[in-house]
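Please view the sequence and the structure together while reading.

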Amino acid sequence: MIEAKGLSKRYGDVVAVDDVSFEVGKGEVVGFLGPNGAGKTTTMRMLTGFVPPTDGTAVIAGHDIFGDPIAARRAVGYLPETPPLYPEMTVVSYLSYVATIKDVPRSGRREAVSRALERCGLGRVRHQVIGTLSKGFRQRVGLAQAIVHDPAVLILDEPTVGLDPLQIREIRTLIRELAAPEQGESQHTVILSTHILPEVEAICRRVVLIHDGRKVVDAPLAELTAGGRTLDEIFARETTRDLADEEASS
Amino acid sequence: MRHVTSVAGRELRGLFVSPVAYAVLALFAVLAGVFFTLTTVAFNEGILRLQQFQAFDQLAQINLNDHLIGPFYDSMAFMLMLLIPAITMGFFASEKTNGTDELLLTSPLTMWDVVLGKFLAGVVFVALLGLIVAAYPAILFLYADQTAGGPELGKTVAGLLGVVLVGWTYAAIGIFASSLTRSQVVAFLLTLVLLVILIILPFVADMGVAGASEARELLRYLSTEPHLAELRKGVLDSKDIVYFAVMIAAFLVMTKAAVESVRWR
């Protein structure tokens with residue numbers, strides 16, 4: 001469903017993302033890991049079409065992000081690091097606006113909005129103005145915005161940041177449900193970025209680890225932890241290896 | 001292009017849940033009333049004076065369009081320069097501070113959907129201001145002496161069209177300024193600076209510093225003022241309409257380029 005082919009992003013001389021390629025199959029939940037500043041957000045922005053890559057391309061649900069950007073964007077639900085909310089709108093009017101610009105046909109809009117409200121547990125605050133909501137609710141509105149048009153691909157940038165433990169558990173459950181839905185509901189492919197390792201262990205089946213803009217690990221979680229190693233150790237080893245190499249050579 | 005109206009609708013609703021739209025409408029309505037009253041009083045005094053001097057030739061020349069409605073339109077166009085920046089300042093700047101630009105630009109919208117949607121919101125708001133302006137000439141049609149020197153419909157409507165076209169041009173300029181910055185204050189001030197430059201161009205031309213007469217003509221042509229003046233006279237020349245169309249198109253194209261350039265950086 002998602003195919004990143006040699007994605008690179010350079011800002012002048014600074015290389016933010018360097019030749020990152022990976023594939024995500026239908027219904028997979030992939031954890032996109034890396035220390036802060038590793039290039040996670042930039043990679044996700046390239047996949048969603050917000051930032052054009054300097055090199056490489058990506059194919060989302062069969063649509064090239066350069067060849068058919070509109071169709072590629074239609075297939076994506078995206079929750080950026082800060083939820084893109086209009087503080088003066090009510091939850092319902094915001095979601096129906098998003099449904100409109102995401103090409104949900106007029107006849108199905110009301111239902112799409114109420115389904116998103118229900119899935120994200122927003123029924124109680126549906127008529128509340130977004131600016132008056134707590135951080136947890138805002139994050140959920142952000143998630144509802146990403147799923148309102150029932151996209152094939154979900155790209156979530158740190159979906160649980162700033163939430164309390166209970167809310168984190170709810171969001172994780174929701175993401176798991178989106179990838180492995182009950183009968184009659186469509187299946188979503190999910191990439192989520194995080195630097196919270198237990199989160200990956202809780203919901204992801206595969207891990208892509210990037211460090212300094214490069215992909216350093218791309219493997220199923222079960223395989224990585226097979227030898228009794230924890231994700232913690234792998235993360236620490238991969239993201240400090242450069243330092244160790246440099247010390248060894250000097 | 002299907003989403004132009006969705007973008008415009010959201011922008012307008014955003015304006016009307018904030019106090020800005022109401023403040024601007026109220027201020028504009030009050031100022032329009034004040035200016036209309038002042039212009040009417042001045043008009044009456046002018047006529048009285050001419051009668052005292054028995055200047056019948058000049059009295060015969062006086063009419064409501066050139067000596068009352070026209071100056072009123074001019075002062076309204078001036079008010080637009082001060083008020084439109086307050087409306088358009090948030091059009092792109094607030095999307096950036098809310099982070100909603102990330103939503104807009106990752107949605108299946110074209111860049112023109114976004115830019116034209118914002119402009120359409122400006123067009124509708126300016127049209128509302130135009131309705132307020134229209135109320136005052138309408139009073140003259142109801143109560144003024146409709147014989148010699150009375151209001152002429154053609155001139156009045158053409159002048160009103162001119163005021164609205166000036167407003168739309170200012171809105172396009174304001175939207176461009178808003179696309180350049182994250183700060184609404186900066187967008188407001190930048191719009192004001194651009195509009196002041198546009199308005200003083202004919203004065204610069206008249207100061208004689210511009211040198212060649214072609215340069216003077218160009219400066220004058222670039223300003224909205226001479227084009228509004230033509231329309232006020234009831235001259236509906238295509239070259240004035242083309243001027244407004246070109247100005248609006250130019251600033252919208254620059255807006256699109258400005259929004260796109262941020263993504264490519």
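In which helix of chain B is the place of B:Leu189? B:Leu189 belongs to helix 9 of chain B, which covers residues 184–206. The model is a predicted one.

**B:Leu189 and its surroundings**

- B:Leu189 counts as partly exposed because it has 15 C-beta neighbours inside 10 Å.
- Although 100 residues separate B:Leu189 from B:Met89 in sequence, their C-alpha atoms are 8.8 Å apart in space.

**Chain A as a whole**

- Chain A contains nine helices and ten strands.
- The radius of gyration of chain A is 18 Å, close to the 18 Å that the globule rule gives for 250 residues, so chain A is as compact as a globular protein of that length.
- The C-alpha trace of chain A spans about 65 × 40 × 35 Å along its principal axes.
- Of the 250 residues in chain A, 44% are buried.
- Among the contacts in chain A with a separation of 6 or more, 67% are between residues 24 or more positions apart.

**The six-stranded sheet of chain A**

- An open sheet of chain A is formed by six strands in the order 6-7-8-3-9-10, and its pairing is mixed.
- Strand 6 (76–79) and strand 10 (214–220) of chain A stand at the edges; each has a single partner strand, so one side of each is left without a neighbour in the sheet.
- From one strand to the next, the twist of this sheet averages 15°.
- Within the sheet, strand 3 (residues 29–33) and strand 8 (residues 189–194) of chain A pair in the parallel sense over five bridges.
- A:Val29 stands opposite A:Val190, a residue of strand 8 of chain A.

**Helices across the strands of chain A**

- Helix 1 (residues 40–48) of chain A lies across strands including strand 3, strand 6 and strand 7 (153–157) of chain A, and runs at about 150° to strand 7.
- Helix 5 (residues 135–147) of chain A lies across strand 6 and strand 7 of chain A, with an angle of about 165° to strand 6.

**The hairpin of chain A**

- Strand 1 (residues 2–11) and strand 2 (residues 14–24) of chain A run antiparallel and are joined by seven bridges.
- A:Lys9 has A:Val17, in strand 2 of chain A, as its bridge partner.
- Two residues lie between the strands of this hairpin, in which A:Gly12 takes a positive phi near 65°.

**The nonpolar core**

- The largest nonpolar core has 136 residues, and those with the most contacts inside it are A:Tyr94, A:Leu95, A:Ala144, B:Leu80 and B:Ala172.
- Neighbours within four places in sequence aside, the contacts of B:Ala172 are B:Phe119, B:Met247, B:Ile248, B:Phe251 and B:Leu252.

**Where the two chains meet**

- In the contact between the chains, 18 residues of chain B meet 22 residues of chain A.
- On the side of chain B that touches chain A, at least two residues each come from helix 1 (4–17), helix 6 (101–105) and helix 12 (238–264) of chain B.
- Helix 1 of chain B gives the largest share of that side, four residues.
- The residues of the side of chain B that touches chain A comprise six nonpolar, nine polar and three charged.

Key
Residues numbered from 1 in each chain as written. Chains lettered and ligands numbered in written order. Predicted model: local features only at pLDDT ≥ 70, side-chain atom pairs only at ≥ 80, totals over all residues. Buried ≥ 20, exposed ≤ 12 C-beta atoms within 10 Å, placed from the backbone. Contact = placed C-beta atoms within 7 Å. Nonpolar A, V, L, I, M, F, W, Y, C, P; charged D, E, K, R; others polar. Pairing = 2+ DSSP bridges. Axes fitted to C-alpha atoms, helices over the stretch in contact; angles between N-to-C directions. Rg over C-alpha atoms; globule rule 2.2 N^0.38 Å. Core = buried A, V, L, I, M, F, W, Y, C linked by C-beta atoms within 7 Å.
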